[in-house]
Amino acid sequence: MGTGRSATESGDKPSATEGIHTDFSEGMSYGDYLRLDTLLSAQTPLTGEHDELLFIVIHQVMELWLKLLNRELDTALDHIRVDELQPAFKCLARINRIQEQLIQAWTVLSTMTPSDYLRFRPSLGRSSGFQSWQYRLVEFKLGAKDATKIAPHRHRSEIAAQLEAVYRAPGLYDESLRLLARRGYPVPPEVLGRDVTQPYMAHPGVEAVWEEIYRHSDEHFDLYELAEELVDLEDAFQQWRFRHMKTVERIIGMRRGTGGSAGVAYLRSALERSFFPELWSVRTKL
């Protein structure tokens, strides 16, 4: 018969599970908090093909990361607008970690072979990653403005309105250059007053400002750090674009995309466009 003494009183080591709560009949569990029933029921393959679930999961996970990335990018923009660089740096550092996850996702998808994909590709119809409105928000905020990219979302007025607002707002680089101007740097007026709905074009006056900051980084360390955070962001974004392009090429070759894009050719052309051109060209000057 038992003595009624606890494990501690009897000198025995307590169980590793002792004290763990197990009754959630009237309380919130881990699954309840994360709404796992909703989340895990969102994967609904249209065929019985094995790799369709992989395809859906990878793209849903990317959309979750893009949701967080957009939030951090908005917060960074808010801080830069009021000259609060340290909190902005935290957001930008987190964005770079998120991008690491996005880049690695392509390595999982690349385990799918062409024959695996072609078994369920017809079920996609005209749906395509080209239609990711969260990705478009990121591109617009980074300065890659293109009104035609809003068109696939006109049937969803709330999403189209969100894209339109970001399309017409200054992007991350615009806000960074405005900050430099507030700090007294001679950012050219035509750059500060430019039409922000158009893609940014490199300007020698802006390159000269960044050159001054890089050459005297000890005196302007927070602006120097801002420049490097932006370079890190674009570097990682271009790596994501490259891995995307190579994964698509590996799986479908030079076929057109399901949404009608030129596929690999379109993705490759995006690699030629820079968000923050002077931050790259200034390196040749130093």
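**Pockets and helix packing**

Colleague: Which residues line the second largest pocket?
Modeller: This is a predicted model. About 260 Å³ of space lies in that pocket. The second largest pocket is lined by Leu-39, Leu-40, Ala-42, Gln-43, Val-57, Gln-60, Val-61, Glu-63, Leu-64, Lys-67 and Gln-134.

Colleague: Which helix gives the most to the lining of the second largest pocket?
Modeller: Both α2 (36–40) and α3 supply at least two residues of that lining. By class, the lining has 6 nonpolar, 3 polar and 2 charged residues. With 6 residues, the most of the lining comes from α3.

Colleague: What is the volume of the largest pocket?
Modeller: The largest pocket has 43 lining residues. Phe-55, His-59, Ser-128, Gly-129 and Phe-130 lie nearest the centre of the largest pocket. The volume of the largest pocket is about 1200 Å³.

Colleague: Which helix gives the most to the lining of the largest pocket?
Modeller: At least two residues each come from α3 (50–81), α4, α6 (133–141), α11 and α12 (264–270). The lining divides into 22 nonpolar, 15 polar and 6 charged residues. The top contribution is 8 residues, and the helix that gives them is α3.

Colleague: Are α3 and α4 roughly parallel or roughly antiparallel?
Modeller: Their axes come within 9 Å and cross at roughly 165°. Angles over 145 degrees count as roughly antiparallel. The two helices are therefore, relative to each other, roughly antiparallel.

Colleague: How many residues of the contact of α3 with α4 are nonpolar?
Modeller: α3 passes α4 in a left-handed crossing. The contact residues include 5 polar and 2 charged. The nonpolar ones number 23.

Colleague: Is α4 roughly parallel or roughly antiparallel to α11?
Modeller: The axes of α4 (residues 85–109) and α11 (residues 221–252) come within 9 Å, crossing at roughly 15°. Angles under 35 degrees count as roughly parallel. That makes the relation of α4 to α11 roughly parallel.

Colleague: How many residues of the contact of α4 with α11 are charged?
Modeller: The crossing of α4 and α11 is left-handed. The contact residues include 16 nonpolar and 6 polar. The charged ones number 5.

Colleague: Is Leu-142 buried or exposed?
Modeller: Leu-142 sits in the loop between α6 and α7 (157–168). The relative accessible area of Leu-142 is 2%. Buried means under 20%. Leu-142 is therefore buried.

Colleague: What distance separates the C-alpha atoms of Leu-142 and Leu-172?
Modeller: Along the chain, the two residues are 30 residues apart.

Colleague: Is Arg-35 buried or exposed?
Modeller: Arg-35 lies in the loop between α1 (30–34) and α2. The relative accessible area of Arg-35 is 63%. Exposed means over 50%. Arg-35 is therefore exposed.

Colleague: What is the phi of Arg-35?
Modeller: Most residues other than glycine have a negative phi. Arg-35 has a positive value, near 55°.

Colleague: What is the phi of Asp-83?
Modeller: Asp-83 lies in the loop between α3 and α4. Asp-83 is partly exposed, with a relative accessible area of 31%. Phi of Asp-83 is a positive value in a residue other than glycine, near 60°.

Notes. Residues are numbered from 1 along each chain as its sequence is written. This is a predicted model: local features need pLDDT of at least 70, side-chain atom pairs count only at pLDDT 80 or more; totals for chains, interfaces and linings use all residues. Side-chain values use heavy atoms; hydrogens and water are left out. Axes are lines fitted to C-alpha atoms, for helices over the stretch in contact, and angles run from 0 to 180 degrees between N-to-C directions. Helices (H or I, at least four residues) and strands (E, at least two) are DSSP runs, numbered from the N terminus. Angles under 35 degrees count as roughly parallel, over 145 as roughly antiparallel, 65 to 115 as roughly perpendicular and the rest as oblique. A crossing is left-handed if the near helix is turned anticlockwise from the far one by less than a right angle, and right-handed if clockwise. Ala, Val, Leu, Ile, Met, Phe, Trp, Tyr, Cys and Pro count as nonpolar, Asp, Glu, Lys and Arg as charged, and the others, Gly among them, as polar. On a 1 Å grid over the protein atoms alone, a cavity is a set of points where a 1.4 Å probe fits but cannot get out, and a pocket is an open set with protein on both sides within 12 Å along at least five of seven lines; lining residues have an atom within 4 Å of a point. Grid points are joined across faces, edges and corners, and a volume is the space filled by probe spheres set on the points. Buried means under 20% relative accessible area, exposed over 50%, partly exposed in between (1.4 Å probe, protein chains only).
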